[in-house]
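Here are some friendly notes to read beside the model. Please keep the viewer open and follow the points in order.

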Amino acid sequence: MKTALITGATSGIGRATALRFAAEGFKLILCGRRTARLEDLKQKLAVENPVHILNFDVRNKDEVFKKIGGLPEQFRDIDVLINNAGNAHGLDPIQSGNVDDWDAMLDINVKGLLYVSKAVIPGMIEKASGHIINIGSTAGKEVYPNGNVYCASKYAVDALNQGMRIDLNGKGIRVGAVNPGLTQTEFSDVRFKGDSDKAKKVYQGFMALKPEDIADIIHFVVTRPYHINIADLTVMPTAQANSTTISRNN
Ligand code: NDP
Ligand code: 8X3
């Protein structure tokens, strides 16, 4: 039974991936800050699968190293790392952007991903095997108006995905990114700080991707034969051509 560690498992893409991986017989380490949601998920999944929950903020590097370093024996051998935790905070022009939003995006989406990777990679090197999936974004391929710092954080994920693949080459570890386009999750609720009307409008008038669609793709990527590494995969709703060209019916 393979073991997958998923960050950001309390919602959206991470949660859907946890459900899909559980259905496919993975042992799971599920991470996030909202403990009640992690407990609920464990209760739902642990009937069939061994599930361990880790509650930490990816910004807190001491906690990241302590929690991942202190995993029980049964969960220490991590085969798949899904670096998914992340969000956008705000959608403002650079000249009026909120500095706390900038800190949050860079600290969570970039530094948090680095801390978790740093905690997991040594075990993968030791056994000369592992698979790291970095969740990037179309925002990491193309900058859009007012996306500035969020896009920068996802361009950084793209660079780190490439850098990890180079540095881990020859060590038996596969590294690849999945870059989703518009996917209906809690992402826009977080971006617009709980303004759910504004959040809903992002996905109105077309069929956005569902978190399950991305989970399905992640599962496809990690189940390819060992000699195949899907290095960089971008997926958009059919109605989306790029970050700003979206056909809506309304
Ligand atoms: P959600 O808001 O639904 O989920 C975000 C997840 O990240 C939650 O589980 C949240 O858990 C976790 N998270 C956020 N901040 C922290 C933190 N400081 N420490 C630990 N965990 C944290 O959004 P999505 O599922 O859409 O987002 C998942 C990933 O997909 C992100 O990296 C996002 O950038 C990316 N993405 C999303 C797209 C979309 O359109 N939705 C498109 C392209 C990429 P908790 O709050 O419990 O800590
Ligand atoms: C999330 C997709 O277009 O809202 O990364 O930035 S977008």
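1. Let's begin with helix H5, residues 148-167. H5 has 20 residues and reaches 28 Å from its first C-alpha to its last, close to the 28 Å expected at 1.5 Å a residue; the expected span is 1.5 Å times one less than the number of residues. Helices (H or I, at least four residues) and strands (E, at least two) are DSSP runs, numbered from the N terminus. This is a predicted model, in which local features need pLDDT of at least 70 and side-chain atom pairs count only at pLDDT 80 or more, while totals for chains, interfaces and linings use all residues. Residues are numbered from 1 along each chain as its sequence is written, and chains are lettered from A and ligands numbered from 1 in the order in which they are written.

2. A word on confidence. The mean pLDDT of the protein is 98, and 100% of its residues reach 70 or more; pLDDT is the predictor's confidence in each residue, from 0 to 100. The model scores are ipTM 0.99 and pTM 0.98.

3. Back to H5: which of its residues are buried? They are Val149, Tyr150, Cys151, Ser153, Lys154, Ala156, Val157, Leu160, Asn161 and Met164. A residue is buried if 20 or more other C-beta atoms lie within 10 Å of its own, exposed if 12 or fewer, and partly exposed in between, with C-beta atoms placed from the backbone. The cover over these buried residues includes H4, strand E5 (130-135), strand E6 (173-180) and strand E7 (232-235).

4. H1 has 12 residues and reaches 17 Å from its first C-alpha to its last, close to the 16 Å expected at 1.5 Å a residue. H1 is mostly covered, with nine of its 12 residues buried; among them are Gly12, Arg15, Thr17 and Phe21. Just after H1, Gly25 takes a positive phi of about 85°.

5. Now the core. The largest nonpolar core has 63 residues, and Ile6, Leu28, Leu30, Val120 and Ile218 touch the most other members. Such a core is a set of buried Ala, Val, Leu, Ile, Met, Phe, Trp, Tyr and Cys residues joined through C-beta atoms within 7 Å. Helix H4 (residues 99-127) supplies the largest share of this core, 10 residues. Ile218 touches Thr17, Ile82, Ile133 and Val178, not counting residues up to four places away in sequence; contact here puts the two C-beta atoms, placed from the backbone, within 7 Å.

6. Ala4 is worth a click. Ala4 sits in strand E1 (residues 3-6) and counts as buried because it has 25 C-beta neighbours inside 10 Å. Ala4 and Leu30 are 26 residues apart in sequence, yet 8.4 Å apart in space, C-alpha to C-alpha. Leaving aside neighbours within four places in sequence, Ala4 is in contact with Phe21, Phe26, Leu28, Asp79, Val80 and Ile82.

7. On to ligand 1. This ligand is surrounded by 30 residues, of which the closest are Gly8, Gly12, Arg33, Gly86 and Phe187; a residue is near a molecule if its C-beta atom, placed from the backbone, lies within 6 Å of it. Helix H1 (12-23), H4 and helix H6 (187-191) are the elements that give two or more residues to this shell, and H1 gives the most, with three residues. By class, the shell has 11 nonpolar, 14 polar and five charged residues. Ala, Val, Leu, Ile, Met, Phe, Trp, Tyr, Cys and Pro count as nonpolar, Asp, Glu, Lys and Arg as charged, and the others, Gly among them, as polar.

8. Two backbone angles deserve a look. Asn146, in the loop between E5 and H5, has phi near 70°, a positive value in a residue other than glycine. Asn146 counts as partly exposed because it has 15 C-beta neighbours inside 10 Å. Lys193 has a positive phi near 50°, and this residue is not a glycine either. Lys193 is found in the loop between H6 and helix H7 (196-201), and is exposed because 12 other C-beta atoms lie within 10 Å.

9. Lastly, Gln240 lies in the segment after E7. With 19 C-beta neighbours inside 10 Å, Gln240 counts as partly exposed. Gln240 is in contact with Gly181, Leu182 and Ile246, leaving aside neighbours within four places in sequence.
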